[in-house]
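This report goes through a structure step by step.

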Amino acid sequence: MDTIIFMIFRRMRQPLLVLIVTYAVAILGLTLIPGQDAQGNPWRMDFFHAFYFVSYMSTTIGFGEIPYEFTDGQRMWVTFSIYATVVAWVYSIGTLLTLSQDSLFLHAVTERRFAYRIRRLREPFYLVCGYGETGSELVATLVERNYHVVVVEILQERMNVLRLEPLREYVPALRGDAGRPLHLLEAGLRHPLCAGVAALTNSNDVNLKIAITTKLLHRELTVICRADSHDVEANMRSFGTDYIIDPFDTFGIHLAMAFQAPGLYLLSEWLSGASHQPLTEPVYPPRDGVWIICGYGRFGKAVYQRLSEEGLKTVVVEATPDKTGTPEGGVVVGRGTEAGTLQEAGIAHAVGLIAGTDDDVNNLSAVMTARTLKSDLFVVLRQNQSENQTLIDSVHADIVMHPSRIIANRIRVLLGTPMLYDFLRLAQFEGDEWACILLSRIVALVSDEVPDVWELSIDDEAAHAVWTAIREGSSPILGDIMRDPRDRRQTLECIPLMLARQRRSVVLPEPATALKAGDRLLWCGRYRARRRMEWNLQNEHALSYAMTGEAVASGLIWRWIKARGLRPGSVGRRF
Amino acid sequence: MNPEKVVFGFFIVLALTLNFGFFVGEMDNPAHHNAYELFAVLIVNLIATVLKFGDRTQMGAVLLATSLVAVLQLFAATLVWGVGVYATEGGLTPELTASIVSLSGGAMLANVVSVTLLVIETVLLRR
């Protein structure tokens, strides 16, 4: 606010001075020049009349010569005054209009409006720095899941993209350098409802700075950083950045998982996918045969390393090996988009192709060429730009990997349901077969769309009835809250994925597990199951019905009757 | 030498001297108080006020405040004069003159504060 008012004042100083001086001169002149009244007696205009006359003269309203007709001397002075005052007005108004068009001024106004809007936020929100490919995916997926998001982005073009994006709710965005603490503060870094920060800018340094700023100014916040080099990663870790995501490693791990454990891969896809996304079919990449990797950049390297660890035979195709370096197994020079290179790489004996360059067109071209040479090739396609979605879809690759989307989903999981992250980590120890059984259970629940995933903690806020029941000595079990509140013989369409109690986590807890205050549960299932479960969690009567099958008498008289034992056989639970 | 300071100093001191000139004389005698002088005080004070617009320093803010007080007092004085002379029957009575002059006296006090502050600032700057 201050800046804006000061800017207006500073700019208006000159025009106001000009206006005051011209008015003063015009008024003074009118009072000094001798005139005549109606009878021809000498008369001098007083200040009151002079001010009145100049007021309407300078604004060119023109009521005429009052109170008496002017003498020639007065008219000469008025002629001069008219031009002087009108010019002064034009100058003042012009300055004000220029100011309203001034980009600096406009920026100050938008910045102020933004800060005001952030201060007025009344629900938890996440701060996303950088609205690039990953940032936009993250914002879309967060908004999709009903989280509030605030964006800081340095480039105007990307801001425009955000404004045109058909997001379900308004996302406040500030154009500014996220590396400057001022902008982060304006975006609500210290806001008590700020729930987490994701630093996703292109620059490692800026991400580092965001992480430091956050950890210094608002310690408790979860910070998730993108880092391209292990050096920066170590630096970020040193001061307690919560999660650091290396897009290249993440991509490599993801791909390796698809090879190693298709069931687990599918499980993580389903549980961390965008909501209302259709269930994808499991894919089984062939393991015995040669894989061709197109591109040996940072992504290609990560992929090569992972696949080698898996014990797969690989051939790398790279256009500029002198820049990217050469893998141990040697390299076939070329882009992979022409038949010659692919044949040289041994496409005839290959079982799969990974098109992993940073250019969508080259990747598509490589896939098309490879398919004409060998039609039953297993194809993994890397997608770089969201806008190429239709092209990518039409190729029908066996696996499409969009690094930005993978990272965005991962961050969303970390921010929204961090337990899912732990669950997926623990799931890796359980093996692929276990994952396949769980997958079939999920399919039975949800049939066509990916399941909803949510967390629940047994406390006064989120599960009042259960919490009270535990405190009063009864022991509700997990199976109780999974009963349908309308008919307890039915089970709600949900699966408890994990139970976290103090430091111990149990994957797929048994329904007979007794609940304790402070337990945290991870669920997956249908959205309506989640809504219905709320009854069991919050309503004492619903919970009591779910536990015992008895509707508790709630009125005084009925309780009295029950206490007298007039209805034998009832399990009188008193509240 | 800062030309901005010179200009502002000139106007604020001029406002004070003119104000004093208008103020001296018998309190209720219209002949001792000239309308032109009041006009000049008002204009000079307005200019001094506008000169302090957009000054972000602490001293600038205080000087803006004192100038605004002076301008307000002077406006009140001219308003009393105008209303007394043109909107009532009696014309410029001694009572009216006394209230005009006392209002301008208030403005003068504000201007004295301004000048004092200016002097203090100058002394502090000298080191």
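Axes are lines fitted to C-alpha atoms, for helices over the stretch in contact, and angles run from 0 to 180 degrees between N-to-C directions. Helices (H or I, at least four residues) and strands (E, at least two) are DSSP runs, numbered from the N terminus. The model is predicted: local features need pLDDT of at least 70 and side-chain atom pairs count only at pLDDT 80 or more, while totals for chains, interfaces and linings use all residues. Residues are numbered from 1 along each chain as its sequence is written, and chains are lettered from A and ligands numbered from 1 in the order in which they are written.

**Chain B**

Chain B has four helices and zero strands, in the order α-α-α-α from the N terminus. Of its 127 residues, 36% are buried, where buried means that 20 or more other C-beta atoms, placed from the backbone, lie within 10 Å of the residue's own. Two residues are in contact if their C-beta atoms, placed from the backbone, lie within 7 Å. Among contacts in chain B with a separation of 6 or more, 70% join residues 24 or more positions apart.

Two of these helices, α2(B) (residues 35–51) and α3(B) (residues 58–87), have axes that come within 9 Å and cross at roughly 150°. They are therefore roughly antiparallel to each other, a term for angles over 145 degrees. Residues of α2(B) in this contact include B:Leu38, B:Val41 and B:Leu42, and those of α3(B) include B:Leu64, B:Leu68 and B:Val71. The contact divides into eleven nonpolar, four polar and no charged residues. Ala, Val, Leu, Ile, Met, Phe, Trp, Tyr, Cys and Pro count as nonpolar, Asp, Glu, Lys and Arg as charged, and the others, Gly among them, as polar.

**Between the chains**

Twelve residues of chain A are in contact with twelve residues of chain B. On the chain A side, α1(A) gives the largest share, ten residues. That side holds ten nonpolar, no polar and two charged residues.

**Nonpolar cores**

A nonpolar core is a set of buried Ala, Val, Leu, Ile, Met, Phe, Trp, Tyr and Cys residues joined through C-beta atoms within 7 Å.

| Core | Residues in core | Members include |
|---|---|---|
| Largest | 126 residues | A:Val128, A:Cys129, A:Ile292 |
| Second, separate | 41 residues | A:Ala26, A:Ile27, B:Ile12, B:Val44 |

Terms used: Parallel < 35°, antiparallel > 145°, perpendicular 65-115°, else oblique. Buried ≥ 20, exposed ≤ 12 C-beta atoms within 10 Å, placed from the backbone.
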